[in-house]
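Here are some notes to read with the model open beside you.

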Amino acid sequence: IVRNDDPTTIYCGGTLVADTWVLTAAHCIDRQSVLVKGVTEVNDFKIVKSVIHPKYNNAINDYDIALVQLDRPVRVLHVKPYTYLGESKDNYEGPCRVAGWGRITENIAVPVVPNDACKKSYPDLKPEMICAGESGKDSCQGDSGGPFMCMTKDGSKEIWKLAGIVSYGRGCGQAAFPGVYTRVSSYRDFISKTINGFRKGIRKSRKA
C-alpha cells in the first residue's frame, strides 16, 4: 500500500483474501492511502473503498484490522486470493512465517510467543492478539498490515493459514519485545460480512 504523497515507497503490506479485497492493518489506512502496488505499474490497483473495524483504537492498537477494496479484480498470473483464514480452534505452535517489504522482513520464520509470556513485555496485550519473534527475527517498519502465517493440521492435512496481521511492536528483532499481530480468527465475521455486504450492495463506506 502506498500513499499519494509518496507513491514510490511501500509503507504497508496486506493479503489478498478475495479477488478485489485486501486485508491489512487499520493503522495503515488513512485518506492518503490510494494505491495497492502490483508486480508492475500496469498491475497497480486503486483503493476505492476502505473499511476499518468500528472499534479500532489507535492508542492501544486494539482491533487493528481493515479491508480495502480494489478498483478491479486481481488477474495476475500466480496471484490468487488466500482464503485459508485462521480459526479459533487452531493452536499455533509453528512453524510460522511473516512476510513483508519492511526493514527486516521478506519472508522469515518466527516462533510464536505464548500470550501469558508476552504480557510481561506488553501488559495491555489482548486475547485477540498473537506474539511472535525472537532476537534478529521479527517484523519491522514497513511490514505493517502484512501476513503472519502458521502451519496447522486438519486431520492428515497440513495447511498454512493466515493467522495474523502485522500490527505493532517495540523496536525490531529485540528478544524481550516480540512482534504483535492481530489475531485473524477473532475477526472472521468482520471479514466475511464486509466482503459479502459490499458484494450485495447493502453496505456503505467512506472512500479512502
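Are Cys-118 and Cys-131 buried or exposed?

1. Both Cys-118 and Cys-131 are buried, where buried means under 20% relative accessible area, exposed over 50% and partly exposed in between, using a 1.4 Å probe and protein chains only. They form a disulfide with sulfur atoms 2.0 Å apart; the term covers a pair of cysteine sulfur atoms within 2.5 Å. Cys-118 sits in helix H1 and Cys-131 in strand S10, so this link ties together parts that are 13 residues apart in sequence. Helices (H or I, at least four residues) and strands (E, at least two) are DSSP runs, numbered from the N terminus.

2. Before going on, a word on the basis: this is a predicted model, local features need pLDDT of at least 70, side-chain atom pairs count only at pLDDT 80 or more, and totals for chains, interfaces and linings use all residues. Residues are numbered from 1 along each chain as its sequence is written, and side-chain values use heavy atoms, with hydrogens and water left out.

3. The structure has four disulfides. Number the bonded cysteines in sequence order and the pairing reads 1-2, 3-7, 4-5, 6-8.

4. Take Cys-12 and Cys-28, whose sulfur atoms are 2.1 Å apart. This link is left-handed, with -80° about the S-S bond. Cys-12 is in the loop between strands S1 and S2, and Cys-28 in the loop between S3 and S4, so parts 16 residues apart in sequence are tied together. Cys-12 counts as buried at 3% relative accessibility, and Cys-28 is buried at 0%.

5. Now look at Cys-140 and Cys-172, with sulfur atoms 1.9 Å apart. The torsion about their S-S bond is about 80°, so this disulfide is right-handed. Cys-140 is buried, at 8% relative accessible area, whereas Cys-172 counts as partly exposed at 23%.

6. On to the rings: there are five aromatic pairs. Rings of Phe, Tyr and Trp (its six-membered ring) pair if their centres lie within 6.5 Å; planes under 30 degrees apart count as stacked, over 60 as edge-to-face and the rest as tilted. One of the pairs is Tyr-63 with Tyr-187, edge-to-face at 5.9 Å centre to centre and 75° between the planes. These two tyrosines are 124 residues apart. Tyr-63 is partly exposed at 23%, while Tyr-187 is buried at 3%.

7. Tyr-122 and Tyr-168 are also edge-to-face, 5.6 Å centre to centre with 80° between the planes. Both are buried.
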